[in-house]
Amino acid sequence: MYQNICSHAQDVITRRTAVRIRPIIPANNPANNRITVALLELAQNGLYCAAGDFYIDPWGPVDRAIVTHAHSSHARPGARSYLTTLPGQRLLQAQLGPEAAIQAVEYGEPLTMSAARVSLHPAGHILGSAQVRIEHGGEVWVVSGDYKLAPDPTCTPFEPLRCHTFVTESTFGLPIFRWPAASEVIEAIHAWWRTNQEAGRASLLFAHPLGKAQRLLALLDPSIGPIYTHAAVDPTTQIYREQGITVAPAQVAEEGPWSRALILAPPSAHGSPWERRFGSASTAFVSGWMRIRGTRRRRSLDRGFVLSDHADWAGLLRAIDESRAECVWVTHGYRAPMVRWLEEHGRKALAVEARFEEDEP
Ligand SMILES: [Zn+2]
Ligand SMILES: [Zn+2]
């Protein structure tokens with residue numbers, strides 16, 4: 001296999017890149033006598049694919065970056081050129097600024113990058129989010145970025161892909177993380193909103209301003225009362241609208257009355273002077289972390305609603321299972337518990353210390 005790779009692509013793989021492609025564990029897979037060849041390595045600036053000469057979600061300056069989605073810990077400035085999906089392009093441009101050189105492709109559109117075949121596939125995390133499928137010398141790797149399997153009207157559903165090595169996040173990689181259905185959570189938010197209206201107080205709902213806020217705007221019932229957003233939520237929501245995503249009408253919160261209103265704001269606005277204009281308001285947070293008892297009280301919130309844009313424990317295991325991967329790389333979140341669990345269940349797994357920080361506040 002190693003021989004094959006080099007001869008197959010001898011005109012494009014330089015000596016420098018060829019030596020980087022090396023067998024990883026298992027060096028020999030007794031099941032089919034296949035030699036596993038690493039298509040990615042953890043380099044100083046991020047996950048590097050030598051066969052294709054590109055990085056995925058790099059954290060340092062590089063020439064070519066493929067970006068899985070526009071959240072700040074995956075989409076960082078400093079690359080000479082970026083590649084992402086068409087539905088994610090405007091969000092990425094907003095994140096990186098007008099100077100960033102961004103190319104975009106359709107989901108599933110095959111590309112040749114040096115010696116590798118590359119395509120981007122839906123990850124179901126936020127608008128435009130992608131898994132990166134890399135194929136080279138008969139070897140297929142999939143980098144899933146951040147993902148969820150639960151339905152979300154604001155983005156294309158997660159596409160299960162078969163591969164030899166599956167690179168996964170593990171943000172909520174503990175068995176305690178189990179998500180209720182989104183419809184149940186939305187019902188609970190509606191009930192909280194109505195109760196606040198009866199008491200004559202505003203409903204302040206904190207959520208990630210990119211992805212979660214727009215998902216909420218797509219799911220909430222605007223007939224209950226007026227919906228407003230914090231100024232930090234509005235530009236992203238406009239991009240969603242321009243991409244044809246249907247979300248509830250919402251104005252930037254400037255003038256009341258607020259007693260029947262629901263206001264969507266980023267978590268950083270909680271406890272800020274901005275909050276004072278709403279007078280006596282009920283505060284709530286929408287996040288997977290609300291599944292942990294005590295989080296709500298520690299953050300001085302009246303309510304917590306469990307809704308995440310990441311897979312829960314069962315979702316992570318299902319995605320890993322459906323990939324049929326021989327080996328799993330775990331890049332961020334609860335890396336060690338996930339690796340341990342996978343190894344205990346007969347799978348080869350590796351904790352890879354990628355610098356993708358938390359993106360569910
Ligand atoms: Zn993310
Ligand atoms: Zn992430």
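Biologist: How do you know where domain 1 and domain 2 lie in the protein?

Modeller: The bounds come from an automatic or database domain assignment. Domain 1 covers 2-176 + 310-351, and domain 2 covers 182-305. This is a predicted model, where local features need pLDDT of at least 70, side-chain atom pairs count only at pLDDT 80 or more, and totals for chains, interfaces and linings use all residues. Residues are numbered from 1 along each chain as its sequence is written, while chains are lettered from A and ligands numbered from 1 in the order in which they are written.

Biologist: How many residues of domain 1 are in contact with domain 2?

Modeller: 15 residues of domain 1 meet 15 residues of domain 2. Contact means C-beta atoms, placed from the backbone, within 7 Å. On the domain 1 side, 10 are nonpolar, 3 polar and 2 charged. Nonpolar covers Ala, Val, Leu, Ile, Met, Phe, Trp, Tyr, Cys and Pro; charged covers Asp, Glu, Lys and Arg; the others, Gly among them, are polar.

Biologist: How many helices and strands are there in the protein?

Modeller: There are 9 helices and 19 strands. Both are DSSP runs, numbered from the N terminus: helices are H or I, at least four residues, and strands are E, at least two.

Biologist: Which residues of α8 are called buried?

Modeller: In α8 (residues 313-323), they are W313, G315, L316, A319, I320 and S323. Buried means 20 or more other C-beta atoms within 10 Å of the residue's own; 12 or fewer is exposed, and in between is partly exposed; C-beta atoms are placed from the backbone.

Biologist: Where do the buried residues of α8 pack?

Modeller: Against β10 (139-143), β11 (165-170) and β18 (327-333). After α8 comes R324, with a positive phi near 55°.

Notes: Two residues are in contact if their C-beta atoms, placed from the backbone, lie within 7 Å.
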